[in-house]
Structures are given as structure tokens and as C-alpha cells.
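The stops below go from the whole chain to single residues.

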Amino acid sequence: MTSPRTRSRRRHICFFFDETLGEFPYTGLKCGNEVPIKRADVKKGGFVAAVSGKRRGKGSSREQSPYAELCAGIKVVIAENIERIYKQNCQNLGVLTSTDFGMIDKIRGGQEIPLSDFTQGEDEITRQVIEYGGLFPFNVARMQKKVFLPSIATGGRPHDHR
């Protein structure tokens, strides 16, 4: 539980909507009585991946968090469980997500990881969004007729006989 004083110190972060958010990822993390991550630590650290356990992206900041991480240099998020909205926000911004902890050693070793490892199990549109590096580049490609949305197939429906 955070104290009212701690919460009031962090509330000002919600006023930022631009790359400044990249100075604040994980600044609310408490380890016992310590808050080990200070403003801009993640950005200055040159990190490319963030690793966590369960319930990644749970809570009210799941819309801002992926953008803050992206602006801090995070390109990959690996967690035991990634909440749906947070994951979609990451994908839309071009931040790759995975629940495969085997990727950690590959990243540490500088190994190339196929993009298909991040698109596996995703629907056609999501796969393309990931492959194009996010929703904006995907939509640019769609407008340039480089990608096409899959046809919507609906089965027979009962007619409304009013």
C-alpha cells in the first residue's frame, strides 16, 4: 500500500503525454521500504527488455506504461502473464511481447529472434500490426495498398421478419 504522500508525489506524472513519460517507467516500484528506480534510470540504463512475473500490465496505467517504456528504450516485454489491454497497447506501439522466458538468454547473448516468435498464435490483423512495427506503420502500409485486411466471413443469419 502506498502512502498518500507517495501517491501525491507520483500523480504529476499523469500530466505528461509525450516522450517525457520515458523518464518514469517503474519509478513507483517499492522493494520493502526502498524505491530503487529514480527518474530517468531506465532510459539512462540503455535497457532494451523488461522482465516481470504475473499480471503484467494490470491496473490503471496500462495505457501509458507501454508508451513510457518505449520512450525509455524498451523494445521487448517478457512476463509470465500479460494482460490483454496492455499487450494490445504494446503491439500497437511496436513493443514486442512474449511469455517465453527462454528469450531472455537470447537477448542477453545478442541472438537474433525471429519475428514469428512474437506473432505466433495471433490473428491475421494483429500479426500484420506486429510485423509492421505498430498500428501507425501498419495503417500507412494499408493506405499504400501494401497490406489488406482479411475478408469478414459471416455465416447465414436469420432474417428479421417484422
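Which pattern does the protein chain follow, read along the sequence? In this predicted model, the order is α-α-β-α-β-α-β-α-α-α-α. Color by secondary structure and the count comes to eight helices and three strands.

Next, show the surface of the protein chain. Of the 162 residues, 28% count as buried. Among contacts with a separation of 6 or more, 50% are accounted for by residues 24 or more positions apart.

Now select Ile37, Val42, Ala50, Ala72, Ile74, Val77, Ala79, Ile82, Tyr86, Cys90 and Val95: these eleven residues form the largest nonpolar core. Strand 2 (76–79) and helix 4 (84–93) each supply at least two residues of this core. Another core, of eight residues, lies apart from it; select Val76, Leu96, Ile104 and Ile113, which are among its members.

Go back to Ala79 and display its surroundings. Leaving out residues up to four places away in sequence, Ala79 touches Ser52, Gly53, Arg56, Ser98, Thr99 and Phe101.

For the last stop, select Ser116, which is found in helix 6 (residues 116–119). Is Ser116 buried or partly exposed? Ser116 counts as partly exposed because its relative accessibility is 43%, and that class lies between the cut-offs of 20% and 50%.

Methods
Residues numbered from 1 in each chain as written. Predicted model: local features only at pLDDT ≥ 70, side-chain atom pairs only at ≥ 80, totals over all residues. Heavy atoms only, no water. Helix = DSSP H or I, 4+ residues; strand = E, 2+ residues; numbered from the N terminus. Buried < 20%, exposed > 50% of the residue type's maximum accessible area, 1.4 Å probe, protein only. Contact = heavy atoms within 4.5 Å. Core = buried A, V, L, I, M, F, W, Y, C linked by side-chain atoms within 4.5 Å.
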